[in-house]
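Hi there,

Here is the structure I promised to pass on.

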Amino acid sequence: MPKWFKLDNAAKIYPPVLNGQWAAMFRLSADLTEDIDPAILKQAQERVLVRMPSFATTLKSGLFWFYLDHIDGQPPISEDTSNPMQMLNFRKNNRFMYRLLYHRNRIAVEFFHSLTDGTGGMTFLMTLINEYLHIRYGTAICPDRFILNCSDEPIEEEYEDAFLRYGQKKTVGIAEKTSYQYWHTRTDFNKLLAVCGSVDTAKLKELAKSYDAPVGTFCAALLLYSALQLQKMDRRSSVKRKMVKISVPINLRRFFPSRTVRNFSAFVNPGLYGSLGDYSLKEVVDFTRNYFGIHITEKQQLAKFSYNVAAERHALIRITPLILKIPILFIAYFTAGDLLYCSTISNMGLVTLPPEVGRYVTRLDFMLGKAICGRSMLGCVSYNGRTVFNFSRNIRQSELERIFFSTLVELGAEVFIESNGRD
Amino acid sequence: MSYCVHCGVRLASYETVCPLCGTPVNDPNGNPENDLPRFGEYLETTDRKVNRHFLFSLITGLAFIPFIITAIVDYCLNHSFSWSLLVLGGEFVLWVFILIPFRYSFTRPSTFILFDTLAVALLVLLITVIFRFKWYLSLGLPLVLLSGLFIYAVVFIIIDDKPRKLMAFGSLFFALSIYLILIDLVISHHIHSSFRLTWSYWPFVPLFTVGLMAMLFSRSMKISSWLKKKLFI
């Protein structure tokens, strides 16, 4: 088991933009049938960290690159807060890059994105829950798509950089036009406003089928449609001509088999020009379906992420000291990253658990952290017959969420809303 | 079970306004305790600190850009690096003056003066090397070191030591008088190759006298309070 790890290709962008006010984070939580026992949770975490060593690391800087250094111990387990995903204080968190929280019957884990992506994070959470249930109730360990057996030794493939493994020489450029950014006012620094809307998964499937699209495509199209409506309502004439784009993370493991629990995802940014006319939802769904059909293919994604891998492997970039790389990556993040979309939808898809575990888990939630620019971000996951959409925002306006959920209501779905308040 | 009349969504029983549109919820038969709050009650606060390490790295990295540009231009015009090195030297001095105190903190702020003095000495050395001057050791370096020492003494007296006002006043005058004498000696040695005082004893006498008297008076509470009464503004 290695004592340190290089950052994977996708993770390299996050430390340079990490600062005292923002960190790329996301949150996964699970509701159980009974209140959480923190002492047992601590025992379970200890075992999981041995099994998944890439999570028992802290970020350090070398002369040329950041890296993850192994650390002993575990992060403190604390009560969940009303404003999730605040800035991760590495010092208070025993230098770990994820935070473990609990509240009544819910376990939540907030990850710094350099550590893992949604799939890796879900693997960590489910393995933790399985271990917790095993210690508390004697439940059997059920290795599954998202569950690892803590008695096994870590496998090298689980902490490999799959980008480097699959990266090839043929690449395509990643330059894109920037997106329309909707008008907003920021909330207070310590606030992340969250709105959870849950919908019956069967009803959502039925709606998606009526538009002849998969559920994931339909949800992305609905978000794009909502953003287009926002642009239509925007009074600023200067932004009317800009393309409205959203960002959709793609799990690359579906094309390139890998058991890695570190980052292995890419992004596509479908967009439409609202100035061309009023788009109906059907038109947006058709466009999104076709866009995904063209861009979410093995060859397209391979060429795109190979571009980043080639940049990482370039001799000039490798020998550039980190002190010079930081401002370059910081600028690149904004010009080739954050401004390319006005919102994000990250869909974990349908999560199924073995019955021995599933009977204790009633609900799953997936939430994205606040963006550098003010906007709403959407994380969604389907489990146990319910699809939960978690909007998180660091702005006061909730128009995007309102249009999204109102449209679902107009289509005949009942949406149940929970939140941590308004500003 | 409450619904928002504007959005049509079903709301958790504890919601008093719709989270999507802000429409107030009015449900006379509703029980706010039917649904458990989705999030905890504790509001976590984070100190909004500037990440000094990140800014330090960012500005340091960006600072290389002017030097690289000037070096390229210099080399294209002169086929050597001449004046562009002055840009590097100037940037280095600014980096030491501004970024080092920003990034690091020492118990005594006067410690930064030592770094600043060293940076200026190196810049002056660079200037003398580029232009082939011969006055570095006889004039340049002693003036820089003396000035650095004087400023160190001033900062030490005012910030680090924090004495009473009269003592601080007296110490500053005393230090200034000594500094002027030493400057005069260095300049005269450079010009005449001998140590002799030319102009400095004019300011030295009053500064030294006033400084020494202020330092002595500050030891006496009676005299210092009398002076305070007579001289306050």
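**Strand pairing and the chain contact**

E3(A) is joined by 5 bridges to strand E4 (residues 66-70) of chain A, and the two run antiparallel. Within that pairing, Leu59(A) has Leu68(A) of E4(A) as its bridge partner. Strands here are DSSP runs of at least two residues and helices (H or I) runs of at least four, numbered from the N terminus; two strands pair if DSSP finds at least two bridges between them.

A note on the source: this is a predicted model, where local features need pLDDT of at least 70 and side-chain atom pairs count only at pLDDT 80 or more, while totals for chains, interfaces and linings use all residues. Residues are numbered from 1 along each chain as its sequence is written, with chains lettered from A and ligands numbered from 1 in the order in which they are written.

Back to chain A: an open sheet of 3 strands has the order E1-E4-E3, with antiparallel pairing. Strand E1 (4-6) and strand E3 (57-61) each have a single partner strand and stand at the edges, so one side of each lacks a neighbour in the sheet.

Now the two chains together. In chain B, 33 residues are in contact with 38 residues of chain A (C-beta atoms, placed from the backbone, within 7 Å). Strand E2 (10-11) and helix H1 (52-78) of chain B each supply at least two residues of the side touching chain A, and H1(B) gives the largest share, 7 residues. E2(B) also runs parallel to strand E16 (residues 416-419) of chain A, joined by 2 bridges; Ile417(A) has Leu11(B) as its bridge partner.

Best wishes

Key. Contact = placed C-beta atoms within 7 Å.
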